[in-house]
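Q: I am new to reading protein structures, and I would like to learn with an example. Could you go through one with me?

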Amino acid sequence: MIDDGFIKSLLEKKGSLSRRESIDCLTLDCPADQLKDVVLSFRDDEGFDLLVDLTAIDHGEDAEVRFSVVLHFYSLVHRGYVRLHVLCSDNENPSVPSVSDISPAANWHERETYDMFGIKFTGHPDLKRILMWDEYPYFPLRKEFPLAGIDTPLPAADVVEVTKASVEPAPMMGGPFVSSSDGVMSDSEPRALDESWTEEMEKPS
Amino acid sequence: MISDEVGYNGKVEGDVIVTKADAVINWIRKHSVWPMPMGLACCAIELMASAASRYDISRFGMEVMRFSPRQSDCMIVAGTVTYKMAEVVRRIYDQMGDPKWVVAMGACASTGGMYRSYAVMQGVDNIVPVDVYISGCPPRPEALLDAMMKLQDKIAKEPSVGNLRKAKAVSAG
């Protein structure tokens, strides 16, 4: 376990880190320009050598600092997790230094985070979309993006010519479709939360 | 009177069998369907089960699963078709030789299923013509076998000679 003595000594060693409130594991705020140094010393000096996850949070269009990147590390020495929380200073063109040269595991995670949130990772060797196709114009996990999607042409011109297919907003029919984790199985299957409306039938006000 | 009989008739003795060209072509085709598993999600697991010994798809004359579109004539779309994959599905369909059929296996391939989202095509019929749809999430192997038998019935009713003439006229310009 990560004990308080270790946290105290870590915070004394790394002046740029500060503790952030968290309901589960140790969470530390880290300035973007210090990120690479911190990750390097986490790996080489502190025993946090396993990058478990790298993702981002969109705090909403009105938030003062809109995006933050979150990194999870696991230590086989301490047998515990630590979370690094990096705020992106620019809301329009958010960017964070890439840590893929220190932790190669970050490579695809950073590509996915770029794909979904549009956060640029400076110094990344090959920062391109990983889930959506290269020409896709939106970042789907941003708060303003509707779950159903937005009308977009498909990339392959010859296929589109024959099939006339394009990306169309998915019918929601009272959705989004979610499954509840409790109750009997027949009630917990994925279904629309509000079945009182469909695309044809107006939502009762 | 035109006879409905299409196979061997005991009244015509000897080495002669009288039938219709459509009937014999369709009879050959429907018992030699070579499916191509377009396995995209969990439906592909049920597809594999239907090929294994308990369900044994070969009892119906369609066991020759080919992983090359050039060697198959029935694409079984088993799973979620994302918009990114749709182009690939269409290109593989284009590479199959005529005549060809498509089975949309499961809720996702038929309608998008529970994935009402920006990433998933709402039914593979947006991009390829589908002959048989199978409900289920995923469908049981019996449902797939039933669909393949329905496809056989459909193949049996096709105007194959007429289609050949049409194709010849198109290629002649």
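Q: Where is the place of N107(A)?
A: A helix is a DSSP run of H or I with at least four residues, a strand is a run of E with at least two, and both are numbered from the N terminus. N107(A) has its place in helix α3 of chain A, residues 106-117. A word on the source: this is a predicted model, in which local features need pLDDT of at least 70 and side-chain atom pairs count only at pLDDT 80 or more, while totals for chains, interfaces and linings use all residues. Residues are numbered from 1 along each chain as its sequence is written, chains are lettered from A and ligands numbered from 1 in the order in which they are written, and side-chain values use heavy atoms, with hydrogens and water left out.

Q: Is N107(A) buried, exposed or partly exposed, and why?
A: Buried means under 20% relative accessible area, exposed means over 50%, and partly exposed is in between (1.4 Å probe, protein chains only). N107(A) is partly exposed because its relative accessible area is 22%.

Q: Which residues is N107(A) in contact with, leaving aside its neighbours within four places in sequence?
A: Contact means heavy atoms within 4.5 Å. With those neighbours set aside, N107(A) is in contact with S100(A), H124(A) and P125(A). As for K128(A), it is 21 residues from N107(A) in sequence and 11 Å away in space, C-alpha to C-alpha.

Q: Which residues have the most contacts inside the largest nonpolar core?
A: In soluble globular proteins, nonpolar side chains tend to be buried together. A nonpolar core is a set of buried Ala, Val, Leu, Ile, Met, Phe, Trp, Tyr and Cys residues joined through side-chain atoms within 4.5 Å. Here the largest one has 61 residues, and F42(A), V69(A), L71(A), L84(A) and M75(B) have the most contacts inside it. Helix α3 of chain B, residues 83-95, gives the most to this core, with five residues.

Q: How many residues of chain A are in contact with chain B?
A: There are 29 residues of chain A in contact with 14 residues of chain B. The size of an interface is often given as the accessible area lost when the parts come together. Chain A and chain B bury about 1,700 Å² between them (accessible area lost, 1.4 Å probe, summed over both), with 67% of it on carbon and sulfur atoms.

Q: Which side chains meet in a salt bridge?
A: A salt bridge is a side-chain nitrogen of Lys or Arg within 4 Å of a carboxyl oxygen of Asp or Glu. The count between chain A and chain B is one: R91(B) meets D158(A), at 2.8 Å from N to O.

Key:
Buried area = accessible area lost by both parts, 1.4 Å probe.
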